[in-house]
Amino acid sequence: MTQVQARTYTASLDARGLGFGPPLPAKPSSGGLHIRTASIRHGEQVLYAPAESNLEWFVLGNTAQARLNAPMGLVEHYEAGAAGMELTWVLQQPLRSAEELVVECEFTGWSYSTTTAAGHHWADAEGVIRARVNDARVVDASGRTWELPLRVAGNRLLATVSPTILSEAQYPQ
């Protein structure tokens, strides 16, 4: 999945993260959106920061994944589908303390536009909304789910997982 060309979007994976754009051929002014995991923190402990690691991507079919933190079994996973890209983080084992987990994603290229009931929207240089990010969902190894609203902070989206969810979740180990 180093590059995907779907009917409604194009996507590629590079050193900056996921590149996302309109379907080809697109107007040069459309540009694109780059999404990357900026950090994953558990309380004060940094589980992942991009400056501290070189990611090795494993690609198979329409999926790509990289290990963000080997001792914790923390993995970033992308899957391309007809409707868009899905980004998942997998935590393979429970965390040791009762603190919240915060996942922070950085968006560059297009500008954050607005939040609606449908999600968080990014617009190109001409103000055309080109991308939407839905709120997050925590899914544990048993299939139990928790809805997780995203918080906008400048060009970043933050997902905060409560200590209650972390303690109740089943992990794949």
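This is a predicted model: local features need pLDDT of at least 70, side-chain atom pairs count only at pLDDT 80 or more; totals for chains, interfaces and linings use all residues.
1. Strand β12 is mostly covered, since 5 of its 5 residues are buried. Here, buried means a relative accessible area under 20%, exposed means over 50%, and partly exposed lies in between (1.4 Å probe, protein chains only). Strands are DSSP runs of E with at least two residues, and helices are runs of H or I with at least four; both are numbered from the N terminus.

2. Residues are numbered from 1 along each chain as its sequence is written, and side-chain values use heavy atoms, with hydrogens and water left out.

3. Strand β12 has β11 as a partner: the two run antiparallel and are joined by 5 bridges. Two strands pair if DSSP finds at least two bridges between them.

4. W122 stands opposite A131 in β13, while A123 stands opposite I129 in β13. The hairpin of β12 and β13 has 5 residues between the strands, and G127 takes a positive phi near 85° there.

5. The aromatic residues deserve a separate point. A search of the whole structure finds 4 aromatic pairs. Rings of Phe, Tyr and Trp (its six-membered ring) pair if their centres lie within 6.5 Å; planes under 30 degrees apart count as stacked, over 60 as edge-to-face and the rest as tilted.

6. One of these pairs is W57 with Y78, which is tilted, at 5.7 Å centre to centre and 45° between the planes. W57 lies in the loop between β5 (45–48) and β6 (58–60) and Y78 in strand β8 (residues 74–81), so the pair ties together parts 21 residues apart in sequence. W57 is partly exposed at 23% relative accessibility, whereas Y78 is buried, with a relative accessible area of 1%.

7. Y112 and W122 form an edge-to-face pair, with 5.5 Å centre to centre and 75° between the planes. Because Y112 lies in strand β11 (residues 111–116) and W122 in strand β12 (residues 119–123), this pair ties together parts that are 10 residues apart in sequence. Y112 counts as partly exposed at 29% relative accessibility, and W122 as buried at 1%.
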